[in-house]
Amino acid sequence: MILLEQGNPGGQVNPNMIEEAIHKVRAGEKHAFTSVITAYERQIYTYCYYILRSREEAEDAVQDIFVKVYQELGRYEKRISFSAWLYKVAYHHCLDQLRRHKRRSRLMSLYKLQLVRETPESPVNSPVDRMFGDLTSEERSLLILRVIEQYSFEEIAQITGSSSAALRKKYERLRRKLIQQKANEGGCTRGEVAESN
């Protein structure tokens, strides 16, 4: 079991350091993988949390993702950035978790006439949490990868397996949806949102 350490919250990751650590791990220095975990665990946790909407599930997912990445490190090719490859693993893992959760929910609904849906845990019901709560898992993923992690549409296409043109359209629709949502809440005007983008 890989232990998560306090990572590099919001900090910039040095790609050369990561590539060097990967090289060491491939050469048999297993402990070098710790620096990869330390560099990315906070970002991956945040990504998983906003997709899965549960602290416990996100923590479990981070553990599983880093185990999977460690086991499949031989499949990583430098033609895409390591972080994009890591997010690709995280993206597919979270989708699998959501599918499993849906199947469990369907099974439970066979036993109960009315399935009481759990509200996503959030320590503070902040505007960001409310905004993410109204989005689909696909929209949350796209928003995190584009706005927070600042990946290009081409990189997001590599992570998600979608075309960059389709992602651009989805992002524009999502942007309009968020502007409308903010306007409905009596937030900033269209001009203010456009200026802040």
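Ser-83 sits in helix H4, which spans residues 82-111. In this predicted model, Ser-83 is classed as buried, since its relative accessibility is 15% and the cut-off for buried is under 20%.

**Ser-83 and its surroundings**
- Setting aside neighbours within four places in sequence, Ser-83 makes contact with Tyr-40 and Tyr-151.

**How H2 and H6 pack**
- Helix H2 covers residues 33-52 and helix H6 covers residues 137-148; their axes lie 8 Å apart, at an angle of about 155 degrees.
- Angles over 145 degrees count as roughly antiparallel, so that is how H2 and H6 run relative to each other.
- The crossing of these two helices, H2 and H6, is right-handed.
- On the H2 side, the meeting residues are Thr-46, Tyr-47, Tyr-50 and Ile-51, while H6 brings Ser-137, Arg-140, Ser-141, Ile-144 and Leu-145.

**Two cysteines without a bond**
- The number of disulfides comes to zero.
- For Cys-48, the closest cysteine sulfur belongs to Cys-94, at 3.6 Å, and this is too far for a bond because a disulfide needs the sulfur atoms within 2.5 Å.
- Cys-94 is likewise in no disulfide, with the sulfur of Cys-48 as its nearest cysteine sulfur.
- Cys-48 is buried, at a relative accessible area of 0%, and Cys-94 is buried too, at 1%.

Definitions and conventions
Residues numbered from 1 in each chain as written. Predicted model: local features only at pLDDT ≥ 70, side-chain atom pairs only at ≥ 80, totals over all residues. Heavy atoms only, no water. Buried < 20%, exposed > 50% of the residue type's maximum accessible area, 1.4 Å probe, protein only. Helix = DSSP H or I, 4+ residues; strand = E, 2+ residues; numbered from the N terminus. Contact = heavy atoms within 4.5 Å. Axes fitted to C-alpha atoms, helices over the stretch in contact; angles between N-to-C directions. Parallel < 35°, antiparallel > 145°, perpendicular 65-115°, else oblique. Left-handed = near helix turned anticlockwise from the far one by under 90°.
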